[in-house]
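The following briefing is meant to be read alongside the sequence and the coordinates.

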Amino acid sequence: LPLQAFAFILILSFLQACSSGGPDSAKYPAIPNEIGQNFCAIDGRQYGHTVVVIDKTSKLYQGQLDFIESHVFGEKFYGSYQPFTKFSYIIIDSSKPTSQKYIWSACRPKKGSATKYSLTNNNNDELNSSDENKIFVEKEWENFISDSLIIKNKTLKPKNSTSNKSLIFETIIEVLTRPDLDFEDDYPVRNLIIVSDLMQSSSRMNFYTLCKTNKNLASPNICPKFKTIEKNLRIEEYIQKHTPKDSINDIDIQIVYVNNRYETKASLDETLLDLWTSYFEKYGFKTPKIKRM
């Protein structure tokens, strides 16, 4: 064989040996036995799932898009979670919640540089271990971030179209209850991040009516207490029927509150946030953490 062809075959054989998965082969990058080649947990005993729900039923302006980007995208955001955490994104739009699928779902690899997770000595810290190639570890992180940028640009692309309904409650319930969305309690760590103006609008519950949101009147926009809303037996039955009762008290909930000043007044914010907080607390969830514009 010509020397160049022989060298090519030699390199190809080496790469195949490294990726064959045999007991004597090196993995590049090496990962714990309970982690698959897609960096997702095989058995789910140790790793978490973070679901980001983004409400795009109202028009979003650049300031709002920038606010969303800073809180649920980017290296800082992914690096604040343990390596091999699964991230999934779902959009609230004009689609039926029962038909919604994740627009992206992927597990993050190691970063290859120091974070709080590189202070430990186990197999799932950030830094390459003795049997790992640092270059490959860093490359896998770069690939993950590159994929996330594509999803970010697609998700946060400004658009003028809106939806007549805003099925926030229904989408949350789908995430919590639908097996194919993979957010059940076999994950020891579950995070639900809700990015929204929180203005639920459906035939069953319409906050634009309940919260007296009329920009043309001098009176403030104020939502009633959650217990007042539930005095409507039709609404109470709807909420009770669909809210899961079991395996929900371990979910960490974060609300990234995106106000829509062209639809509502500032007087709405406190009572609207209290309304949602009261719902989660009454039905056995953890009290949500709130980040506001």
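Helices, of at least four residues, and strands, of at least two, are DSSP runs that are numbered from the N terminus. In this predicted model, the protein chain holds 9 helices and 6 strands, and Asp185 falls in the loop that lies between helix H5 (168-177) and strand E4 (189-196).

**Overall make-up**

- The protein chain has 293 residues, of which 47% count as buried.
- Among the contacts with a separation of 6 or more in the protein chain, 72% are made by residues 24 or more positions apart.

**Negative patch on the surface**

- A patch of negative charge on the surface brings together Glu184, Asp185, Asp186 and Asp246.
- Asp185, one of the residues in this patch, is partly exposed because its relative accessible area of 46% falls between the 20% and 50% limits.

**Salt bridge between Lys101 and Asp180**

- Side chains of opposite charge can pair when their charged atoms come close.
- The salt bridges in the model number 12, and one of them joins Lys101 to Asp180, with 3.4 Å between the closest N and O atoms.
- Lys101 lies in the loop between strand E2 (86-92) and strand E3 (104-107), whereas Asp180 lies in the loop between H5 and E4, so this pair ties together parts that are 79 residues apart in sequence.
- With a relative accessibility of 52%, Lys101 counts as exposed, while Asp180, with 47%, counts as partly exposed.

**Salt bridges of Glu174 with Arg178 and of Arg292 with Asp269**

- Glu174 and Arg178 are joined through their side chains by a salt bridge with an N to O distance of 3.3 Å, and both of these residues are buried.
- A further salt bridge links the side chains of Arg292 and Asp269, at 3.9 Å from N to O.
- Since Arg292 belongs to strand E6 (residues 289-292) and Asp269 to helix H9 (residues 268-282), the pair ties together parts that are 23 residues apart in sequence.
- Arg292 is partly exposed, at a relative accessible area of 39%, but Asp269 is buried, at 6%.
- Through salt bridges that share partners, Lys101, Glu174, Arg178 and Asp180 are joined into one network.

How values were computed: Residues are numbered from 1 along each chain as its sequence is written. This is a predicted model: local features need pLDDT of at least 70, side-chain atom pairs count only at pLDDT 80 or more; totals for chains, interfaces and linings use all residues. Side-chain values use heavy atoms; hydrogens and water are left out. Buried means under 20% relative accessible area, exposed over 50%, partly exposed in between (1.4 Å probe, protein chains only). Contact means heavy atoms within 4.5 Å. Patches are made of residues with over 30% relative accessible area and no salt bridge: like charges are joined within 9 Å, nonpolar side chains (Val, Leu, Ile, Met, Phe, Trp, Tyr) within 5 Å. Accessible areas come from the Shrake-Rupley method with a 1.4 Å probe; for residues, only the protein chains shown count as cover. A salt bridge is a side-chain nitrogen of Lys or Arg within 4 Å of a carboxyl oxygen of Asp or Glu. Lys and Arg count as positive and Asp and Glu as negative; His and the chain ends are not counted. The place of a charge is taken as NZ of Lys, CZ of Arg, CG of Asp or CD of Glu.
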